[in-house]
Amino acid sequence: MKGIGTFSPDGKHKWIVFLLVVLVQLGVLSYIGWRWHNISVDGIPYQWRCLPRLEESSFGTDYVRVVFPEDTTTWMDGSAPEEGEKIYVHISHDASGLMKVEGASAEKPGIGGDYMDAVVVSFQDGVVQFKVAFDRYRIAPELADGIYNISEKDNVVASVRMKKGQGVIEGVFVNGIPLEECGNGAAMAEARAKKEAEQKQKTASVFNKPSIVESGMVPPTEE
């Protein structure tokens with residue numbers, strides 16, 4: 001005789017459990033989708049330098065692990081943070097439009113200041129290393145091979161939207177072209193050539209600036 005609450009794997013209870021699991025999973029996926037849409041619509045846009053790494057999850061889904069090299073900053077509080085503690089990384093836009101990390105604290109910045117939710121990885125000599133939660137970028141498997149064409153000289157940035165500390169990655173761009181198109185060798189070569197031409201033009205403009213002192217104004221050499 002079966003006790004109360006005991007059910008057979010072949011009984012109706014397994015279908016109830018299965019249905020509950022499915023509903024929970026659908027609820028989680030719906031929330032993630034709503035959250036991504038909400039942040040991508042209302043969030044503040046940023047561009048943050050990154051290094052994409054191709055990885056595969058336990059479910060066999062391909063995605064890009066987005067590593068942000070700028071993961072250390074000055075700790076702004078008096079008391080030291082602990083590893084794993086939730087903190088707030090203060091951010092703004094620099095002169096070129098890229099994300100600028102201003103510092104980190106245990107409290108959110110004041111009104112008008114933007115920030116990212118993060119956790120402490122390590123802390124030493126007033127500098128905190130942190131990790132953000134938005135470090136994955138989904139990409140179709142057939143478009144992921146372009147990641148192997150990226151070199152250390154390429155300018156790689158993630159297009160990020162931030163809202164109330166939470167962020168989503170809308171895209172990853174290499175020299176201005178989407179990561180999904182990096183498998184096209186011609187597109188990569190064109191982007192690199194354009195980047196090099198812009199750098200040469202900037203260098204030339206520096207050396208071709210007119211002299212403040214004209215040649216006619218130079219005093220004669222004393223004999």
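Two strands are taken to pair if DSSP finds at least two bridges between them, and strands (E, at least two residues) and helices (H or I, at least four) are DSSP runs numbered from the N terminus. The model is predicted: local features need pLDDT of at least 70, side-chain atom pairs count only at pLDDT 80 or more, and totals for chains, interfaces and linings use all residues. Residues are numbered from 1 along each chain as its sequence is written, and side-chain values use heavy atoms, with hydrogens and water left out.

**View 1. The open sheet of four strands.** The strand order is E1-E10-E11-E12, with antiparallel pairing. Strands E1 (44–49) and E12 (177–178) lie at the edges; each has a single partner strand, so one side of each is left without a neighbour in the sheet.

**View 2. The hairpin of E10 and E11.** Strand E10 (residues 156–163) pairs with strand E11 (residues 166–174) in the antiparallel sense over eight bridges. Val 160 stands opposite Ile 169 of E11. Two residues separate the strands, and Lys 164 in the turn has a positive phi of about 50 degrees.

**View 3. E10 beside E1.** Six bridges join E1 and E10 in the antiparallel sense, with Ala 158 in E10 as the bridge partner of Trp 48. Strand E10 is mostly covered, six of its eight residues being buried (under 20% relative accessible area, 1.4 Å probe, protein chains only).

Key
Buried < 20%, exposed > 50% of the residue type's maximum accessible area, 1.4 Å probe, protein only.
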